[in-house]
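Open the model in your viewer and keep the selection tool at hand. The stops below are given in the order to select them.

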Amino acid sequence: MYNFKEITHISPLLADIQALYESAFPADERRDFGLVRELLAKGGEFHIRVATEAATGRMAAFLSYWDFGEFTYIEHLAVESHLRGKGLGHLIIGDFVDNVSRRMVLEVEPPTDVTTRKRIAFYESLGMVLWPDFPYIQPPYAPHLSPVELRLMTIGAFGTDDLNAAVATLRQRVYSVGS
């Protein structure tokens, strides 16, 4: 059994989130965690939702996202390694989708191997749609990092124009390109 909650910049769970964040994502696919803390402290569009074990209160997974009003961008989802493959990712995303009544966008690695195809299938099982022919390059999180070729997935009504507008929002407000 898990509890799901939003956290703030003073949450005691941030150290656990940082450890999982830095182990689950390559450097080119994440920002410096000090900037994550700053974004949380500012309030506003950036949020982190945590799944904690009901019995112990220990952090089990987290989801970071941006609420832009017209759509929500799921930036990162990570589950503690000993809990992977047990349905927790499905629970946290399912709970999130059920409680957010707007369109969503997320980035995934292209389907080039078994792991990336499984990840895409996981999101598809939650009702998300892969845009395989929509060219997308994730801008670098910092000047010393590299851009990353990814694919976009959506839930809710998106056309190509909507997706182009969402990408423009991500470039400006998440990656600070052109700001």
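This is a predicted model: local features need pLDDT of at least 70, side-chain atom pairs count only at pLDDT 80 or more; totals for chains, interfaces and linings use all residues.

Residues are numbered from 1 along each chain as its sequence is written, and side-chain values use heavy atoms, with hydrogens and water left out.

Select residues 151-155, strand β9. Strands here are DSSP runs (E, at least two residues), numbered from the N terminus. Five of the five residues in β9 are buried, that is, under 20% relative accessible area with a 1.4 Å probe, protein chains only. Show the side chains: R151, M153 and I155 point one way from β9, and L152 and T154 point the other way.

Two strands pair if DSSP finds at least two bridges between them. Pick L106 to find its bridge partner in β9, M153.

Now select Q138, in strand β7 (residues 137-138). Is Q138 buried or exposed? Q138 is buried, at a relative accessible area of 2%. Beyond its neighbours within four places in sequence, Q138 is in contact (heavy atoms within 4.5 Å) with D28, E29, E107, P147, V148, L150 and Y175. Finish on Y175, whose side chain lies 3.5 Å from that of Q138 in a polar contact (a pair of N or O atoms within 3.5 Å; within protein, one must be able to donate a hydrogen and the other to accept it, and residues adjacent in sequence count only if both atoms are side-chain atoms).

Notes: Helices (H or I, at least four residues) and strands (E, at least two) are DSSP runs, numbered from the N terminus. Buried means under 20% relative accessible area, exposed over 50%, partly exposed in between (1.4 Å probe, protein chains only).
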